[in-house]
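Please look through the sequence and the model shown here before reading on. The report that follows takes up a few of its residues in turn.

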Amino acid sequence: MAKLYYQGHGSYRITAADGTVIYVDPFAGDGYELPADLILVTHQHRDHNKIELVTQKPGCSVITNFEALAGGTHNSFDSHGVHIQSVMAKNLMHNPKKCVGYLITVDDTKIYASGDTSTTDQMKDFAALKLDYALLPIDGIFNMGPDEAAKAAALIGAAHNIPVHMKPGALFDRAKAEKFTAPNRIIIEPGQEIDL
């Protein structure tokens with residue numbers, strides 16, 4: 001069974017049952033002691049792309065928005081037994097030609113790592129994928145706020161919804177997280193790990 005460790009802000013680590021280690025948007029918090037097999041970066045804003053925090057195993061794959069959008073399309077990847085499909089991310093602060101989210105399949109668990117975004121047209125297609133987890137930003141400044149994120153979660157239809165990226169400059173904001181009223185909400189604090 002895979003595990004998810006929330007580092008804070010928009011940063012988290014996924015560890016597969018076989019020990020494969022995936023970092024998404026490294027920047028905040030702790031929990032970088034496990035060397036990476038795979039690093040995913042949704043865009044190049046400084047609070048999402050501190051790849052240097054992570055020790056890379058030999059053969060580590062680093063996939064950023066540049067690879068994800070190469071050729072002007074949303075590309076897919078298979079690395080270390082993990083399937084990654086890049087998807088649209090956008091809002092007034094985030095150009096869809098420079099930002100992505102990822103659909104990550106690890107240990108038969110499907111995770112939507114949204115990156116920085118507000119509601120996108122593509123989200124309506126995600127319900128058919130029967131996602132297990134959606135991690136959605138809720139800051140309401142650079143991305144959608146808790147109310148819009150809850151509506152996006154209903155559109156996406158994941159079995160569980162996790163709020164991230166709650167308050168600029170902070171790892172976590174409990175009051176903001178509580179305002180995210182999506183169905184099957186799971187609030188994870190920085191330094192906490194859950195089984196997926």
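## Terms and model

A salt bridge is a side-chain nitrogen of Lys or Arg within 4 Å of a carboxyl oxygen of Asp or Glu. The model is predicted, so local features need pLDDT of at least 70 and side-chain atom pairs count only at pLDDT 80 or more, while totals for chains, interfaces and linings use all residues. Residues are numbered from 1 along each chain as its sequence is written, and side-chain values use heavy atoms, with hydrogens and water left out.

## Lysine 176

Lysine 176 lies in helix 3, residues 174-179 (helices are DSSP runs of H or I with at least four residues, strands are runs of E with at least two, and both are numbered from the N terminus). Lysine 176 is buried but has no salt bridge, and aspartate 173, the nearest side chain of opposite charge, is 5.8 Å away (buried means under 20% relative accessible area, exposed over 50%, and partly exposed in between, with a 1.4 Å probe and protein chains only; Lys and Arg count as positive and Asp and Glu as negative, while His and the chain ends are not counted).

Apart from neighbours within four places in sequence, lysine 176 is in contact (heavy atoms within 4.5 Å) with Ile138, Asp139, Pro146 and Met166.

## Leucine 92

Leucine 92 is found in the loop between strand 7 (82-88) and strand 8 (100-106), and because its relative accessibility is 91%, leucine 92 counts as exposed. From C-alpha to C-alpha, leucine 92 and phenylalanine 142 are 8.1 Å apart in space, although 50 residues apart in sequence.

## Isoleucine 104

Not counting residues up to four places away in sequence, isoleucine 104 touches Ile14, Val24, Leu40, Val82, His83, Thr109, Lys110, Ile111 and Ala113.
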